[in-house]
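Please read them with the coordinates open.

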Amino acid sequence: MSEKTGVMGGVIETFKTVFWALVIAGIFRTIFFQPFWIPSGSMKDTLLIGDFLFVNKMAYGYSYASCPSVRIPQIGLDLGADDFCGFAEDYEDRLFGSDPERGDIVVFRHPVTGLDFIKRLIGLPGDRIQMIDGRLHINDEAVQVEDAGVFVEMMERQGPIGSRPSCANGVVGEGASCEKPRQIETLPNGTSHAILDVAPRPQDNTGVFTVPAGQFFFMGDNRDNSTDSRFAQARGGVGFVERKDIVGRADRVMFSSAGRSMFAFWTWRSDRFFKALD
């Protein structure tokens, strides 16, 4: 065998190895789990900016939204689930499907933009959802809440986007304590989770949302800093989410970094590694 032939054979073998590794990774991501970074504070304090988790795609079965998305804005690459599996987008049922339960933390594909969102499931098909003076009402009954202290974080830029938190204790300077009242909310099925409040906002009082058949109503735990089903799609919100747009369930934080980059090891939150989600 000549040296040239040997080099060419090595290149081919390397290409085959990379190709099959990508195929296996694609299958794993499509069928089992999808990695997800938390980019915003809409789910504080359950999820923090910089949390990394795997979304369990097996929890609710499969639809076109189970196909992976590949977005690398630095090179202009923007491929969504509809680009890979758009042929199945109009199919309403889910393969091996089951509906999420109230209180689940769910990743879903935004019905308009195609971006992945993560919120808590509040309303099931047929439910009547309303906010009155900042209190969640489900089917005309106020949801039980109890005070749970104050959530405190530092006023600083957070995550790769560099957003700053909203504070209930007024305008605070860089490095000062940013505070938000914290409560435990218990949904009708007994699921409890923390919610945060900043100040009176328009979304604290809404009309009644009646959830259509085959659709769901989602909200963020950081109630005054969440674009969710309280906001109509026509106004940049989420609106109701169809069953087919659900990607999977978030069960556990695997890794967490408070810095602008995951490589800044001094900003890692080791207390959140492998943290189960409520």
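This is a predicted model: local features need pLDDT of at least 70, side-chain atom pairs count only at pLDDT 80 or more; totals for chains, interfaces and linings use all residues.

1. Arginine 182, at 25% relative accessibility, counts as partly exposed.

2. Lysine 44, for its part, forms a salt bridge with glutamate 153, where the closest N and O atoms are 2.9 Å apart. Here too distant parts of the chain are linked, with glutamate 153 in strand S10 (residues 144-154) and lysine 44 in the loop between S1 and S2, 109 residues apart. Lysine 44 and glutamate 153 are both buried. Salt bridges with shared partners join Lys44 and Glu153 with Lys180 into one network.

3. A further salt bridge is formed by arginine 272 and aspartate 51, whose closest N and O atoms are 2.7 Å apart. The two belong to distant parts of the chain, arginine 272 to the loop between S16 and S17 and aspartate 51 to strand S2, 221 residues apart; arginine 272 and aspartate 51 are both buried. In total, the structure holds 13 salt bridges.

4. The loop between S16 and S17 also contains phenylalanine 274, whose phi is near 60°, a positive value in a residue other than glycine. Phenylalanine 274 is exposed, with a relative accessible area of 52%. Methionine 262 is likewise placed in the loop between strand S16 (246-256) and strand S17 (275-276), and at 38% relative accessibility methionine 262 counts as partly exposed. Together with Trp37 and Phe263, Met262 makes a nonpolar surface patch of about 350 Å².

5. Which strands form the open sheet, and in what order? Four strands do so, in the order S9-S8-S7-S13, and their pairing is antiparallel. Strand S9 (141-142) and strand S13 (209-210) stand at the edges, and because each has a single partner strand, one side of each is left without a neighbour in the sheet.

6. Within this sheet, strand S8 (residues 135-138) pairs with S9 in the antiparallel sense over two bridges, and isoleucine 138 has glutamate 141 in S9 as its bridge partner. The loop between S8 and S9 holds aspartate 140, where phi is near 70°, again a positive value in a residue other than glycine. Aspartate 140 counts as exposed, at 53% relative accessibility.

7. As to the chain overall, there are two helices and 17 strands, and 42% of the 278 residues count as buried. Among contacts with a separation of 6 or more, 61% are between residues 24 or more positions apart. The accessible surface of the chain comes to about 14500 Å², and carbon and sulfur atoms account for 59% of that surface.

Definitions and conventions: Residues are numbered from 1 along each chain as its sequence is written. Side-chain values use heavy atoms; hydrogens and water are left out. Two strands pair if DSSP finds at least two bridges between them. Patches are made of residues with over 30% relative accessible area and no salt bridge: like charges are joined within 9 Å, nonpolar side chains (Val, Leu, Ile, Met, Phe, Trp, Tyr) within 5 Å. Accessible areas come from the Shrake-Rupley method with a 1.4 Å probe; for residues, only the protein chains shown count as cover. A salt bridge is a side-chain nitrogen of Lys or Arg within 4 Å of a carboxyl oxygen of Asp or Glu. Buried means under 20% relative accessible area, exposed over 50%, partly exposed in between (1.4 Å probe, protein chains only). Contact means heavy atoms within 4.5 Å.
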